Amino acid sequence: MEISNGVYMLELDYHGNTIHPTLLWDQEMAVLIDTGFPGQFEDLKLAMEKVGVSLDKLKAVILTHQDIDHIGSLPEILLECSSRIQVYAHELDRPYIQGERPLIKDGHIQNPPKGRVDRTLIDGQELPYCGGIQVIHTPGHTAGHISLFLRKSSTLVAGDSMYSVNGLLGGIHEPTTLNVEEARLSLKKYLELNLESVICYHGGLSRGSIHEQIRNFCSIKNEASDRL
Ligand SMILES: [Zn+2]
């Protein structure tokens with residue numbers, strides 16, 4: 001689905017579930033945010049070709065975090081485009097992506113996907129690609145989870161910090177979130193951004209009253225502290 005000129009939310013099917021890597025491009029290059037499950041490389045390539053972006057154009061891969069459905073096709077991407085591609089992720093998730101430590105949630109899997117991370121990203125960093133990409137460190141789902149704010153289109157690529165259902169944000173997916181409190185604090189960072197669209201990896205696009213929805217997920221009902 002086209003979000004705006006040069007911003008495309010991909011839709012990849014995995015056994016009946018749809019996941020949403022984001023593809024950005026301009027005259028010079030293309031950037032892929034997250035890479036799908038293992039075994040989805042051909043689907044990914046096809047989805048990119050459908051919108052007119054060949055793999056040759058891909059110059060950067062940004063990984064929002066270490067989970068297997070986000071790093072799955074990284075090994076194949078590196079095999080095909082190794083020398084001209086830069087892989088970005090947060091420092092705290094890097095050793096898992098590189099296979100130096102077992103994946104936190106998928107450590108039992110035989111031969112998990114792994115690949116080099118060339119550069120680590122920090123909160124507030126700006127990548128000068130495709131109109132500007134702002135990095136937001138949003139720990140909680142994993143410690144090294146990042147979200148990306150696409151300046152030109154005021155689009156937030158939220159990774160797994162939130163999920164959505166039928167165009168509405170569903171908040172934090174607690175069963176897969178390692179630290180829910182931290183995840184809630186991370187969402188507050190989104191309130192500082194001028195958001196028109198949000199892409200959740202699971203659930204896809206949300207538009208309209210974004211801040212209002214996010215504010216609800218940030219408010220913590222803590223009866224214990226109410227009583228104090
Ligand atoms: Zn995840």
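S154 is buried, at a relative accessible area of 11% (buried means under 20%, exposed over 50%, partly exposed in between, with a 1.4 Å probe and protein chains only). This is a predicted model, where local features need pLDDT of at least 70, side-chain atom pairs count only at pLDDT 80 or more, and totals for chains, interfaces and linings use all residues. Residues are numbered from 1 along each chain as its sequence is written, and side-chain values use heavy atoms, with hydrogens and water left out.

S154 sits in the loop between β12 and β13 (155-159). Leaving aside residues up to four places away in sequence, S154 touches F149, N194, L195, E196 and S197 (contact means heavy atoms within 4.5 Å).

Next, the metal. H65 (NE2), D67 (OD), H141 (NE2) and D160 (OD) coordinate the zinc ion at 2.1 to 2.2 Å. Donors are N, O and S atoms within 2.8 Å of the metal (3.2 Å for Na, K and Ca); water is not among the atoms, so sites may look incomplete. Along the chain the donors are spaced H-x1-D-x73-H-x18-D. D67 lies in the loop between β7 (58-62) and α2 (68-71), and H141 in the loop between β11 (133-137) and β12 (146-150), so the pair ties together parts 74 residues apart in sequence. Both D67 and H141 are buried.

Now the helices (H or I DSSP runs of at least four residues; strands are E runs of at least two; both are numbered from the N terminus). The axes of α5 (residues 180-188) and α6 (residues 210-218) come within 9 Å and cross at roughly 150°. The contact is made by R184, L187 and K188 of α5 and I214, F217 and C218 of α6.

Terms used: Axes fitted to C-alpha atoms, helices over the stretch in contact; angles between N-to-C directions.
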